[in-house]
Amino acid sequence: RRVLFRSEQLSELHGLLEQQDAAACVSHDVLGDYFINLDNEFHKRLYTYAGYDRIWQAMHNVTTHMDRV
């Protein structure tokens with residue numbers, strides 16, 4: 001299935017990637033789970049915008065315990 005994203009959706013995803021890029025340069029001790037939260041939000045929006053929000057929720061429920069590893 002081919003998915004076409006709207007320009008505002010692409011802008012939001014790009015913004016999240018830029019925030020992740022900036023957060024990757026800072027120590028985990030300073031940011032805590034900030035990078036992980038940004039990454040989760042990016043993927044959640046990606047799945048939601050593509051119409052697969054239920055798949056995202058199912059995957060996230062299964063893998064949440066791995067976020068701390």
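What follows is a walk through some helices, their contacts and their charged side chains.

Keep in mind that this is a predicted model. Let's begin with helix α1, which runs over residues 7-23.

Now look at which way α1 faces. Gln-9, Leu-13, Leu-16, Gln-20 and Ala-23 are buried. They cover an arc of only 80° around the axis, which means they sit on the same side of α1. Turn to the other side of α1 and you'll find Ser-7 and Asp-21, which are exposed. As for what lies over the buried residues of α1, the cover includes α2 (28-31) and α3 (34-49).

Next come the charges. Side chains of opposite charge can pair when their charged atoms come close. How many salt bridges turn up in a search of the whole structure? There are 3.

One of them joins the side chains of Glu-8 and Arg-6, at 2.5 Å from N to O. Glu-8 has 39% relative accessibility, so it counts as partly exposed. Arg-6, at 48%, is also classed as partly exposed.

Another ties Arg-45 to Glu-12, with the closest N and O atoms 3.0 Å apart. This pair links distant parts of the chain: Arg-45 belongs to helix α3 and Glu-12 to helix α1, 33 residues apart. Arg-45 counts as partly exposed because its relative accessibility is 25%, and Glu-12 is partly exposed at 35%.

Arg-45 also meets Glu-41 in a salt bridge between their side chains, at 2.7 Å from N to O. Because Arg-45 and Glu-41 are 4 residues apart in helix α3, about one helical turn separates them. Glu-41 is partly exposed, with a relative accessible area of 27%.

While you're in helix α3, pick out Asn-37. Its relative accessibility is 46%, so Asn-37 counts as partly exposed. Asn-37 is 35 residues from Arg-2 in sequence, and their C-alpha atoms are 27 Å apart in space.

Last stop: the surface. Which residues make a nonpolar surface patch of about 240 Å²? Tyr-52, Ile-55 and Met-59 do. Tyr-52 lies in the loop between α3 and α4 (53-63), and at 31% relative accessibility Tyr-52 counts as partly exposed.

Notes. Residues are numbered from 1 along each chain as its sequence is written. This is a predicted model: local features need pLDDT of at least 70, side-chain atom pairs count only at pLDDT 80 or more; totals for chains, interfaces and linings use all residues. Side-chain values use heavy atoms; hydrogens and water are left out. Helices (H or I, at least four residues) and strands (E, at least two) are DSSP runs, numbered from the N terminus. The expected span of a helix is 1.5 Å times one less than its number of residues. Buried means under 20% relative accessible area, exposed over 50%, partly exposed in between (1.4 Å probe, protein chains only). The arc is that of the directions from the helix axis to the C-beta atoms. Contact means heavy atoms within 4.5 Å. Patches are made of residues with over 30% relative accessible area and no salt bridge: like charges are joined within 9 Å, nonpolar side chains (Val, Leu, Ile, Met, Phe, Trp, Tyr) within 5 Å. Accessible areas come from the Shrake-Rupley method with a 1.4 Å probe; for residues, only the protein chains shown count as cover. A salt bridge is a side-chain nitrogen of Lys or Arg within 4 Å of a carboxyl oxygen of Asp or Glu.
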